[in-house]
Amino acid sequence: MLLLALTGSLATGKSTVSNLLSQSPYCLPVIDADVLARAVVEPGTPGYKKIVNNFASTTPDLLLPRPVNERDENGSKAGHEKVSHKPGSSDDRTGRPLNRAALGRRVFGSTPSRQRDRKILNSIVHPAVRWAMARSVLYYYIRGHWAVVLDIPLLYDSYLDIFAPVVLMVAASPEVQMSRLRLRDPHLSEEEARDRVASQGGVDVKVARTEARGKGRGYVIWNDGSREQLEEKVGVVIREVQRGRKGLWRWVMLVLWPLAVVWAGWEVGRGWWSRLRWEAEAKEKVQ
């Protein structure tokens, strides 16, 4: 089974491409890292508890208020008023969802403190997402799919690119990107929008990394035009990816699973070598 890693930045159209690939004529299963990232920090999960322990004491609005119909331990209405308890207490760990907007304000930005907090958050979320993703990949492999899409915004930052034989990068010009983001999320100020875009890295860097993977391993899909133009570009890319990867080869990989393991190991090695080469070349340019 082929792993197609789909990445991009905010408001470049990655979600649109993900939806296209999940529908006819492709009908590919999509494993969405953002969906998994939400699931692994739901109340009661280990990820949720770690986030509360690390951020609650310095982020008063980290947790959303409890619903009106919930009652506290004494049986009285909790309401939406502020609840007086120590951050990180058992009440924090049981049922109050994370306030994602507050957490976003805490970690998005370019200041040293925000970069440090973002690293802490990523160190909590990314390992949990990787395990959830691995379980989903195994499920679709057993089901006999020829390919699965890994929708991962922070593909290169999370080092997951080494596991993907093929990377699809959805790109857009900075002007189009900011225009779409402000239209999609009108509550964001211009500064907040720029901080969020910057937190996922520059599009130009991701484009260069994808192209550096070489022919057949990295595809850049530019999305500065209409949806119809995007659909046409996606079709061209998928037809090229499919060559030699469907039919008999698909069933050989499914039945002869030891061969599939060897092939997967080979692809991971290629991915790792490609990453090391890129990082070495980037260091040389800086020097």
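Predicted model: local features only at pLDDT ≥ 70, side-chain atom pairs only at ≥ 80, totals over all residues.

Student: OK, what is the strand order in the open sheet?

Tutor: The order is 2-3-1-4-5, with 5 strands and parallel pairing. The twist from one strand to the next averages 20°.

Student: Which strands stand at the edges?

Tutor: Strand 2 (30–32) and strand 5 (218–222). Each has a single partner strand, so one side of each is left without a neighbour in the sheet.

Student: How many bridges join strand 2 to strand 3?

Tutor: There are 3, and the two strands run parallel. Strand 3 covers residues 147–151, and within it Leu150 is the bridge partner of Ile31.

Student: Which strands does helix 5 lie across?

Tutor: Helix 5 (residues 112–142) lies across strand 1 (2–8), strand 2 and strand 3, and runs at about 175° to strand 2.

Student: And helix 9?

Tutor: Helix 9 (residues 227–242) lies across strand 1, strand 4 (166–171) and strand 5, at about 170° to strand 5.

Student: On to packing. Which residues touch the most other members in the largest nonpolar core?

Tutor: Ile51, Leu62, Val125, Val129 and Met133, out of 34 residues in that core. Helix 5 gives the most to this core, with 7 residues.

Student: What does Val129 touch?

Tutor: Leaving out residues up to four places away in sequence, Val129 touches Ala33, Leu36, Ala37 and Val40. There is also a second, separate core of 20 residues, and Leu2, Leu6, Leu28 and Val149 are among them.

Student: Which residues of helix 7 are buried?

Tutor: In helix 7 (residues 190–199), the buried ones are Ala193, Asp195, Val197 and Ser199. Their cover includes helix 5 and helix 6 (174–184). Just after helix 7, Gly201 has a positive phi of about 85°.

Student: What lines the largest cavity?

Tutor: Tyr156, Asp161, Arg209, Ala212, Arg213, Ser274, Arg275 and Trp278. Helix 8 (203–212) and helix 11 are the elements that give two or more residues to this lining, and helix 11 has the largest share, 3 residues.

Student: How much space lies in the second largest pocket?

Tutor: About 580 Å³. It is lined by 18 residues, of which Leu3, Val137, Phe163, Ala264 and Val268 lie nearest its centre. Helix 5 and helix 11 (257–286) are the elements that give two or more residues to the lining of this pocket.

Student: Is the peptide bond from Ser24 to Pro25 cis or trans?

Tutor: That bond is cis, with omega near 10°. Pro25 is in the loop between helix 1 (14–22) and strand 2.

Student: And what is the phi of Ala11?

Tutor: About 65°, a positive value although Ala11 is not a glycine. Ala11 lies in the loop between strand 1 and helix 1, and counts as buried because its relative accessibility is 12%, against a cut-off of under 20%.

Student: Where does Tyr159 lie?

Tutor: In the loop between strand 3 and strand 4. Tyr159 has a positive phi near 65° and is partly exposed, with a relative accessible area of 40%.

How values were computed
Residues numbered from 1 in each chain as written. Heavy atoms only, no water. Pairing = 2+ DSSP bridges. Helix = DSSP H or I, 4+ residues; strand = E, 2+ residues; numbered from the N terminus. Axes fitted to C-alpha atoms, helices over the stretch in contact; angles between N-to-C directions. Contact = heavy atoms within 4.5 Å. Buried < 20%, exposed > 50% of the residue type's maximum accessible area, 1.4 Å probe, protein only. Core = buried A, V, L, I, M, F, W, Y, C linked by side-chain atoms within 4.5 Å. 1 Å grid on protein atoms, 1.4 Å probe; cavity = no way out; pocket = protein on both sides within 12 Å on 5 of 7 lines; lining within 4 Å. Points joined across faces, edges and corners; volume = space filled by probe spheres on them.
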